[in-house]
Each structure stands twice: as C-alpha cells, then as structure tokens.
Amino acid sequence: MAAKIMDELGLHENAKIYTKKRERILHVINSKCYDARKGLYMEGPSFNEEYSQVTQVWAVLSGAIDGEEAKKLIHKTINDKSLIQGTY
C-alpha cells in the first residue's frame, strides 16, 4: 500500500524502497511463521503450535499468501474449530 501511494505521488525511488521492505518482511513471515505441515500461520515465531483465525486473516490481508492458496486458507480458517476463535 505504501509503495502504491509513493508511486502515485511520483516518489518512485521511495516506492521501490517500500516494495523491497515489504518483500523482506513477507519472506520472514513465511519462513518463520508458516507451518506447511498444517497449512496455517502460527501466532509468531516463538508461538509453537498456536494458531488463530485472526492470524490467518492477517496473512491474507498482508499478502503473505494470495490467490487460490489464500482462498483455501480462509475456508480453512472458517471451518477449523481448533483455531483460536476471533471475535466479531
């Protein structure tokens, strides 16, 4: 989002910086927090075996996961009652 704003403002170098930062952050999230075995994102790198609906939604909103995989994750999030439930 920040990169898009910078681009719209004509600040293309800043947009590149924000894009690189976003890519690095998403790489860390996916390498440290994604549990491929379960197909879920953990609450954080030090939260072994803790998964919540909110964390899964944030993974999608942040772009850590997208496309068909994001759609599958949202369906899993809604249906998996073992996840810490979000409040509505």
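1. Contact here means heavy atoms within 4.5 Å. In the protein chain, 35% of the contacts with a separation of 6 or more come from residues 24 or more positions apart. Please keep in mind that this is a predicted model, in which local features need pLDDT of at least 70 and side-chain atom pairs count only at pLDDT 80 or more, while totals for chains, interfaces and linings use all residues. Residues are numbered from 1 along each chain as its sequence is written, and side-chain values use heavy atoms, with hydrogens and water left out.

2. Next, the overall layout. The protein chain has 4 helices and 2 strands, and from the N terminus on its elements run α-α-β-β-α-α. Helices (H or I, at least four residues) and strands (E, at least two) are DSSP runs, numbered from the N terminus. Along the principal axes, the C-alpha atoms fill a box of roughly 45 × 25 × 25 Å.

3. Now the surface. Of the 88 residues, 28% count as buried. Buried means under 20% relative accessible area, exposed over 50%, and partly exposed in between (1.4 Å probe, protein chains only).

4. A helix pair to look at is H3 (residues 53–62) with H4 (residues 67–79): the two pack at an angle of about 165°, and their axes are 10 Å apart. That makes H3 roughly antiparallel to H4. Axes are lines fitted to C-alpha atoms, for helices over the stretch in contact, with angles running from 0 to 180 degrees between N-to-C directions; angles under 35 degrees count as roughly parallel, over 145 as roughly antiparallel, 65 to 115 as roughly perpendicular and the rest as oblique.

5. Who makes this contact? On H3 it is Gln53, Gln56, Val57, Ala59 and Val60, and on H4 it is Ala70, Leu73, Ile74, Thr77 and Ile78. Sorted by class, the contact has 7 nonpolar, 3 polar and no charged residues. Ala, Val, Leu, Ile, Met, Phe, Trp, Tyr, Cys and Pro count as nonpolar, Asp, Glu, Lys and Arg as charged, and the others, Gly among them, as polar.

6. Staying with H3, its buried residues are Gln53, Thr55, Gln56 and Ala59. E2 and H4 are included in what covers them. Just after H3, Gly63 takes a positive phi of about 90°.

7. The loop between strand E2 (40–41) and H3 holds Glu49. Glu49 is partly exposed, with a relative accessible area of 46%. Most residues other than glycine have a negative phi. Glu49, although not a glycine, has a positive phi of about 65°. Not counting residues up to four places away in sequence, Glu49 touches Asp35, Arg37, Lys38 and Met42.

8. Tyr51 also has its place in the loop between E2 and H3. Is Tyr51 buried or exposed? At 5% relative accessibility, Tyr51 counts as buried. Leaving out residues up to four places away in sequence, its touching partners include Leu40, Tyr41, Gln56, Leu83 and Ile84. Tyr51 and Ser82 are 31 residues apart in sequence and 8.3 Å apart in space, C-alpha to C-alpha.
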